[in-house]
Amino acid sequence: MRHLLTGTIAAHGMALGRARLVQPSRYIVDTRPLAEEEIEGELLLLHRALDTARQELRELRGKLHGALAREVNEFIDAHSLLLDDAELLRGLDDLVRIGHYRPGAALKKQRDRLSAVFEAMDDPYLRSRKEDVEQVINRVISALQRQTSPEERKLAARVGEILIADSIAPGDMAQLAGNGLLGVVASSGSAYSHSAILARSLGLPMLVGTRDALSNIHDDDLILLDAERGEAIVHPAAQDLSRYRAWQREAAIEGRRLAKLANAPTRTCDGIEIGLLANAETAADVAMARARGADGVGLYRTEFLFLKHKGLPSEDEQFIAYRDLVMGMGGLPVTIRTLDLGADKADAAGLSLRGEDNPALGVRGVRLSLRYPAVFTTQIRAILRAACYGPVRVLVPMVTQPDEMIAVRTLFKLARQDLKRENVDLPEKLPLGAMIEVPAAAINVRALLEYSDFLAIGTNDLAQYVLAADRGNDALENIYNPLQPALLRLLSHVISAGRRAKKPVSLCGEIAGDVNFTALLLMLGLCEFSMHPSQILHVRDRLATLDHADLRRHAAQLLRAHTHEQAEALLNRIVGASAPN
Ligand code: PEP
Ligand code: MG
């Protein structure tokens with residue numbers, strides 16, 4: 001009987017296949033306290049299970065090759081690091097030795113404790129790290145379980161199957177994708193998880209949060225995974241299958257058409273050239289940016305480098321990362337953003353700050369960097385050294401007022417003098433730009449332009465601060481809307497001020513890569529868009545259908561809208577009327 005389950009789309013696409021269920025481990029936790037004489041033996045079992053989990057990850061690494069390996073190894077490394085985390089291991093040992101927990105109960109306790117820590121984080125990306133912790137500890141629990149009941153691990157899928165699981169670790173997903181897995185339906189998880197990110201770059205359709213998937217689907221059921229609508233259809237009917245065939249035909253045509261756009265120029269239909277830059281952090285992003293014909297990197301978020309380390313990355317470590325990025329872009333400009341952390345994440349990077357009630361409004365971004373001039377100078381020196389390998393621009397996050405840009409410039413000047421004394425090669429020029437994401441910076445942009453060589457608008461934050469709506473709070477979706485008139489007027493104000501000052505203005509928030517906003521941003525006068533590289537061909541394609549002059553003519557009308565609903569209706573009318581036949 002046909003029935004339908006709904007979930008959240010983590011990676012778009014459709015797939016038709018047989019279900020392969022992976023039930024969560026049925027490990028029964030034995031909560032009886034250990035007797036004193038059992039402790040050493042149980043600790044041995046625990047450490048053997050940890051070793052097995054490490055070995056499994058190593059084997060997984062060895063099985064992956066080529067581009068996929070480069071992409072996934074990063075995730076596997078993150079899991080391996082967790083398995084070696086001194087605090088986690090000490091906590092486990094203490095639970096067994098001092099608390100008299102059995103290893104399974106100790107692992108469960110640590111898993112629940114760490115999950116709760118991540119769950120409480122404000123940032124949706126960091127919150128989704130909870131899944132990594134659970135996946136790693138579950139791997140150890142499963143290894144422990146196999147020591148007592150040696151049952152084969154059941155995570156296996158064959159060609160033509162759709163995995164139905166509670167959640168799936170990125171390394172496992174990569175391996176299964178290599179074996180012909182078609183898609184994933186997860187009953188928990190978030191669209192920000194590592195697995196979801198990986199599914200998107202593997203082109204593997206994936207739903208998360210599909211509640212009851214494990215109890216409503218059986219092994220070998222025929223499943224139509226529709227990650228365009230957010231549905232998993234069990235025993236699909238004839239009309240479902242015909243929709244799938246239509247999607248397949250269209251996807252094939254669309255794929256061929258988009259591939260041709262990789263080396264095409266980026267122009268509107270009336271011939272205006274637009275710059276398409278990439279938001280790139282990993283080597284895979286850089287490769288994708290180049291393959292899709294990006295004009296450069298518009299945003300490299302350096303905080304990832306700080307967060308993945310235990311302690312601060314050294315000048316040389318930073319230099320190597322920045323230099324590789326610059327060389328990877330083969331002479332195209334690269335925009336390196338200085339550290340953008342707040343009190344909520346600074347600890348993780350090894351910078352201790354007083355706890356703040358409201359880190360989003362606290363010592364974040366350039367405010368933090370200026371509090372730690374020695375740490376900032378290390379980053380500045382690494383950037384200056386890397387800038388000898390190709391064109392680099394430096395972007396300063398969370399700027400509020402000109403004196404911050406002046407202070408940053410001074411630190412750059414001092415670092416240059418020091419490096420010169422040390423006989424280190426230096427770049428001739430290094431444009432310094434301000435991110436426009438604080439309302440005061442947007443309103444008073446003319447003052448900032450006097451001290452900035454370029455601007456980059458961060459709409460993710462600008463929207464949250466203008467609308468006083470947390471960007472990660474999905475209860476505020478009706479307010480956190482990029483079409484809010486107040487935001488549109490600010491964007492127009494900043495873009496026009498940049499044009500008058502003859503300084504480049506790019507936009508690197510999520511809306512730059514969303515084709516639903518391409519016409520809007522052209523209308524407001526934007527000429528440089530920076531987005532995740534996977535969006536570049538879609539935006540290039542969209543731009544080619546839009547008439548720049550015609551859209552610009554309607555800007556004043558759009559800026560008179562009173563509500564985001566009105567702005568949306570107007571935008572649809574204008575774009576509908578100006579689209580070529
Ligand atoms: C932004 O705020 O729009 C932005 C691009 O920066 P981040 O998302 O890293 O805060
Ligand atoms: Mg920001």
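Tutor: Contact means heavy atoms within 4.5 Å. Leaving aside neighbours within four places in sequence, T266 is in contact with I272, E273, I274, L276, R540 and L543. This is a predicted model, where local features need pLDDT of at least 70, side-chain atom pairs count only at pLDDT 80 or more, and totals for chains, interfaces and linings use all residues. Residues are numbered from 1 along each chain as its sequence is written, chains are lettered from A and ligands numbered from 1 in the order in which they are written, and side-chain values use heavy atoms, leaving out hydrogens and water.

Student: Why is T266 called buried?
Tutor: Buried means under 20% relative accessible area, exposed over 50%, and partly exposed in between (1.4 Å probe, protein chains only). T266 has a relative accessible area of 5%, so T266 is buried.

Student: What makes the pair T266 and R540 a polar contact?
Tutor: A polar contact is a pair of N or O atoms within 3.5 Å; within protein, one must be able to donate a hydrogen and the other to accept it, and residues adjacent in sequence count only if both atoms are side-chain atoms. The side chains of T266 and R540 are joined at 2.9 Å.

Student: Why is E315 called buried?
Tutor: With a relative accessible area of 17%, E315 falls under the cut-off, so E315 is buried. The side chain of E315 also makes a polar contact of 2.7 Å with the side chain of R381. Beyond four places in sequence, E315 is in contact with T378, R381, A382 and R385.

Student: Which polar atoms lie by the oxygen atoms of ligand 1?
Tutor: A polar side-chain atom of R337 lies 2.8 Å from an oxygen atom of ligand 1, one of D461 lies 2.9 Å from an oxygen atom, and a polar backbone atom of T459 is 3.1 Å from one. The protein covers 95% of the 290 Å² of accessible area (Shrake-Rupley method, 1.4 Å probe) that ligand 1 has on its own.

Student: What makes a set of residues a nonpolar core?
Tutor: The set holds buried Ala, Val, Leu, Ile, Met, Phe, Trp, Tyr and Cys residues joined through side-chain atoms within 4.5 Å. The largest nonpolar core has 98 residues, and F529 is one of those with the most contacts inside it. Apart from it lies another core, of 47 residues, among them L50, L60, L88 and L144. In soluble globular proteins, nonpolar side chains tend to be buried together.
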